[in-house]
Amino acid sequence: MITDKLGRRINYLRLAIVDRCNLRCTYCMPEQGLDWIKQKDLLTDEELYRISKVFTELGVNKIRITGGEPFVRKNCMGLIANIAGLEGIQDLSLTTNGLLTYPYIPQLKALGIKSVNLSLDTMDKDRFLEITRRNSFDKVIRTLDALLKHDIKVKINTVVMEGRNITDIIPLIQLAEKNPIDIRFIEEMPFNGSNKKISIKWDHRQILDHIKAHFPTINKTIDPKSSTSYNYQIPGFQGSVGIIAAYTRSFCGDCNRIRITPAGVLRTCLYSESGINLKDQMRSGKNDDELKNSILDAIQDKPMMDG
């Protein structure tokens with residue numbers, strides 16, 4: 001078990017296997033994309049597997065595969081399959097935008113993938129194109145339908161943007177009426193890959209007030225330990241509603257998360273921009289015990305932000 005100096009148990013690794021994405025969401029990056037990491041600087045499949053193995057041996061039992069978009073990486077499924085076979089893994093999940101995911105869903109089910117977070121900011125095809133700069137709404141919906149058909153737990157992540165998708169909040173929640181989908185609304189962060197000023201009018205309170213105006217019987221439920229979202233239930237709905245105060249609230253107190261960037265940097269806070277580079281340590285010849293010592297030392301300094 002990994003425990004930091006504040007007594008927080010760290011058991012959840014977010015593993016970013018690639019930085020590239022096949023969408024160009026306006027709140028995330030400019031239309032031309034970003035300066036992508038060079039291939040030689042990305043973690044190899046073998047390095048990603050080794051890092052996962054080291055962490056599971058230290059006590060991490062939950063890994064979420066993220067990106068960028070994970071499925072733009074070659075051999076994504078082979079990598080997931082190898083990580084799924086690690087001893088100690090109790091919960092393997094992934095976050096995807098759904099464009100390339102559909103053909104792999106039966107295999108994901110067979111590998112025991114617990115849940116999939118699907119990024120979807122609108123139920124309107126034209127607005128999807130405006131927000132993502134890609135005409136791929138139908139692909140995402142096909143993936144959503146297939147995930148439900150295969151009984152894979154689905155969370156839909158929606159970034160709430162003033163003047164862009166407020167009218168989508170209620171239609172998205174209605175998806176949860178007859179489907180076991182958790183709809184999670186996320187405050188837009190003020191850094192969005194452009195110089196455009198971001199309004200924070202639609203914080204978690206404003207989002208909840210908007211939802212309550214349409215669903216006055218919505219109930220607050222008990223938030224699971226280490227939950228990043230405030231969680232709610234509408235009577236009669238199969239799914240649930242969550243609101244993530246990504247900008248206006250800190251959830252450091254019981255944070256159990258760490259992350260690895262595609263270049264192999266261990267960040268002990270999801271918002272941190274610094275950390276130790278495990279890729280460089282592996283390529284310099286450090287053995288697994290030395291890697292573990294570096295990881296444990298870094299996690300001792302896991303920060304606590306003011307809430």
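Residues are numbered from 1 along each chain as its sequence is written, and side-chain values use heavy atoms, with hydrogens and water left out. Because the model is predicted, local features need pLDDT of at least 70 and side-chain atom pairs count only at pLDDT 80 or more, while totals for chains, interfaces and linings use all residues.

**The sheet**

Helices (H or I, at least four residues) and strands (E, at least two) are DSSP runs, numbered from the N terminus. Two strands pair if DSSP finds at least two bridges between them. An open sheet of 12 strands has mixed pairing, in the order β9-β10-β11-β8-β7-β6-β5-β4-β3-β12-β13-β14. The edges are held by β9 (219–220) and β14 (276–277); each has a single partner strand, so one side of each is left without a neighbour in the sheet. Strands of a sheet pair through backbone hydrogen bonds, either parallel or antiparallel.

| Strand pair | Sense | Bridges |
|---|---|---|
| β3 (residues 12–16) and β12 (residues 257–260) | parallel | 4 bridges |
| β12 and β13 (residues 265–267) | antiparallel | 2 bridges |
| β10 (residues 230–233) and β11 (residues 240–244) | antiparallel | 3 bridges |

Leu 13 stands opposite Ile 258 in β12. Arg 259 has Arg 267 in β13 as its bridge partner, and Tyr 230 is partnered by Ile 243 in β11. Strands β12 and β13 form a hairpin with 4 residues between them, and in its turn Gly 264 has a positive phi of about 90°.

**The nonpolar core**

A nonpolar core is a set of buried Ala, Val, Leu, Ile, Met, Phe, Trp, Tyr and Cys residues joined through side-chain atoms within 4.5 Å. Buried means under 20% relative accessible area, exposed over 50%, and partly exposed in between (1.4 Å probe, protein chains only). The largest nonpolar core has 83 residues, of which Phe 55, Ile 173, Phe 185 and Ile 211 touch the most other members. Helix α5 (residues 137–149) gives the most to this core, with 7 residues. In soluble globular proteins, nonpolar side chains tend to be buried together.

Contact means heavy atoms within 4.5 Å. Not counting residues up to four places away in sequence, Phe 185 touches residues including Thr 158, Ile 173, Ile 211 and Ile 243.

**A cavity**

What lines the second largest cavity? Its lining consists of Leu 23, Cys 25, Tyr 27, Ser 119, Leu 120, Asp 121, Phe 128 and Thr 132. A cavity is a set of points on a 1 Å grid over the protein atoms alone where a 1.4 Å probe fits but cannot get out, and lining residues have an atom within 4 Å of a point.

**Two loop residues**

Asn 11 lies in the loop between β2 (9–10) and β3. At 15% relative accessibility, Asn 11 counts as buried. Leaving out residues up to four places away in sequence, Asn 11 touches Gly 59, Val 60, Asn 61, Lys 62 and Asn 256.

Gly 68 is in the loop between β4 (62–66) and α2 (76–84). Its relative accessibility is 35%, so Gly 68 counts as partly exposed. Beyond residues up to four places away in sequence, Gly 68 touches Val 18, Asp 19, Arg 20 and Cys 21.

Technical notes. On a 1 Å grid over the protein atoms alone, a cavity is a set of points where a 1.4 Å probe fits but cannot get out, and a pocket is an open set with protein on both sides within 12 Å along at least five of seven lines; lining residues have an atom within 4 Å of a point.
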